[in-house]
Amino acid sequence: MKTESIRNFCIIAHIDHGKSTLADRLLEMTHTLTKRDMKDQVLDDMELERERGITIKSHPIRMHYSHSDGKEYIFNLIDTPGHVDFSYEVSRSLAACEGALLLVDASQGVEAQTVSNAYLALENNLAIIPVINKVDLPNAQMEEVTQQIQELIGCERDEIISISAKTGEGIDKIFQSIIERIHPPENNIDNPTRALIFDSVYDNYKGAIPYVRVFDGIIKPGMTASFFSHGFTYEITEVGYFVLKQVPQPQLRSGEVGYVLANVRDIGHIEAGETLTVKQKISDTPLPGYKKMKPMVYSGLYPADTEDYDQLRRALEKLRLNDASFTFEPETSEALGFGFRCGYLGLLHMEVIQERLEREFELSLVTTSPNVRYKLDLKSGENIEVDTPANMPPQGEIEVIYEPFVSAEIITPKDYICLLYTSDAADE
């Protein structure tokens, strides 16, 4: 299919505004899955996601859409998390797309992560399609929410689509808007190959599997994969796209989203945000925008059985391949023995990582209380960072302790701003 018929987009929203339900309807109405395969939150394939009712991982899937004018289109959807602790997942998904559906709950309105995700999309120069969901609720505040969206992204009232993802009302308008308002990817098939690794998983039989968005050139079996962060190369054995499961294809070309099998056994050789190229048509310039995330919360992870230390290390390596936003390094505790100091983006992120380790790798863990990282100026003139109380120097050696703080921006309608005057100020 021609590049002009491809649309790459994601769904962004605050948590619990209906992203997964909307994804269900899109899959249902494009007949991507059979009725037997369909279920609620079909893209949330982790047991933990379904239990908590939240999206933790981004999920790519390919849909074929037949338009009323007779044209066929390919929609590559990347469903994204809504909680701020998984914002790194959102940022990588946005980098792989040309457009985004900005979903807002009609009863709750624009919330914190709605604003954050909208700004991320604008920074990535994405076409934003504003959508108001849950219009069938009796407490829907259509006028107020419409005004909030207009103030947030500066759109016109008639650009906002009103839907009910639960009942399917208005979903057909979304398909039309995706075709008309999201630009197709550029056709750079003749350029040196460059593909963004926006996610990856580990398979015990196939090794590390990068999920990619191809921006330039083509990738096909028999080519030799190369990465910018290291000098190792791998022969590509299979490429394809996603329809819940991996579907092999002869090639991935400029504009497409899919996966690459290259029998990568060293997990550290695949990193989210990295650029993949091929020796047969190698590029000397990586794709822009890659950056490492800075952890905000730290805690210690120790195996309940000291003999499980190596198993915990391997589990952390595999999990980090699937979630590049957390870090870990070995540490030793006099009370708990050998373990790891882990960094997370927030408390929910920490809880999810711990639960995934226990469920997916059948580990029994002991965790320490979470804390933040401090900077210290010592009287000796040395400057150090401390992320655990055990490493805090004696008080007599410390000159100054710097603790982290947040520079926050509060966005609120002017009707909710009031000025407080003291009696002294009133007299003046």
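Helices (H or I, at least four residues) and strands (E, at least two) are DSSP runs, numbered from the N terminus. The model is predicted: local features need pLDDT of at least 70 and side-chain atom pairs count only at pLDDT 80 or more, while totals for chains, interfaces and linings use all residues. Residues are numbered from 1 along each chain as its sequence is written, and side-chain values use heavy atoms, with hydrogens and water left out.

**Exercise 1.** Describe the place of R213 and the polar contacts of its side chain.

Solution.
- Step 1: R213 belongs to strand β8, residues 207–216.
- Step 2: R213 counts as buried because its relative accessibility is 2%; buried means under 20% relative accessible area, exposed over 50%, and partly exposed in between (1.4 Å probe, protein chains only).
- Step 3: The side chains of R213 and E98 are joined by a polar contact of 2.9 Å. A polar contact is a pair of N or O atoms within 3.5 Å; within protein, one must be able to donate a hydrogen and the other to accept it, and residues adjacent in sequence count only if both atoms are side-chain atoms.
- Step 4: A polar atom of the R213 side chain also lies 2.9 Å from the backbone oxygen of A96.
- Step 5: With neighbours within four places in sequence left aside, the residues in contact with R213 (heavy atoms within 4.5 Å) include N8, P185, R194, F198 and E256.

**Exercise 2.** Work out how strand β17 is covered and which strands pair with it.

Solution.
- Step 1: In β17 (residues 297–303), seven of seven residues are buried.
- Step 2: In a regular strand the side chains alternate between the two faces of the sheet.
- Step 3: On one side of β17, V297, S299, L301 and P303 are buried, and on the other Y298, G300 and Y302 are buried, so both faces are covered.
- Step 4: Strand β19 (residues 337–344) pairs with β17 in the antiparallel sense over five bridges; two strands pair if DSSP finds at least two bridges between them. Y298 has G343 of β19 as its bridge partner.
- Step 5: β17 and β20 (residues 365–367) run antiparallel and are joined by three bridges, with Y302 opposite V366.

**Exercise 3.** Is Q141 buried, partly exposed or exposed, and where is Q141 found?

Solution.
- Step 1: Q141 is in the loop between β5 (127–133) and α5 (142–153).
- Step 2: Its relative accessibility is 35%, so Q141 counts as partly exposed.
- Step 3: Q141 and Q108 are 33 residues apart in sequence, and their C-alpha atoms are 8.0 Å apart.
- Step 4: Beyond neighbours within four places in sequence, Q141 is in contact with A106 and S107.
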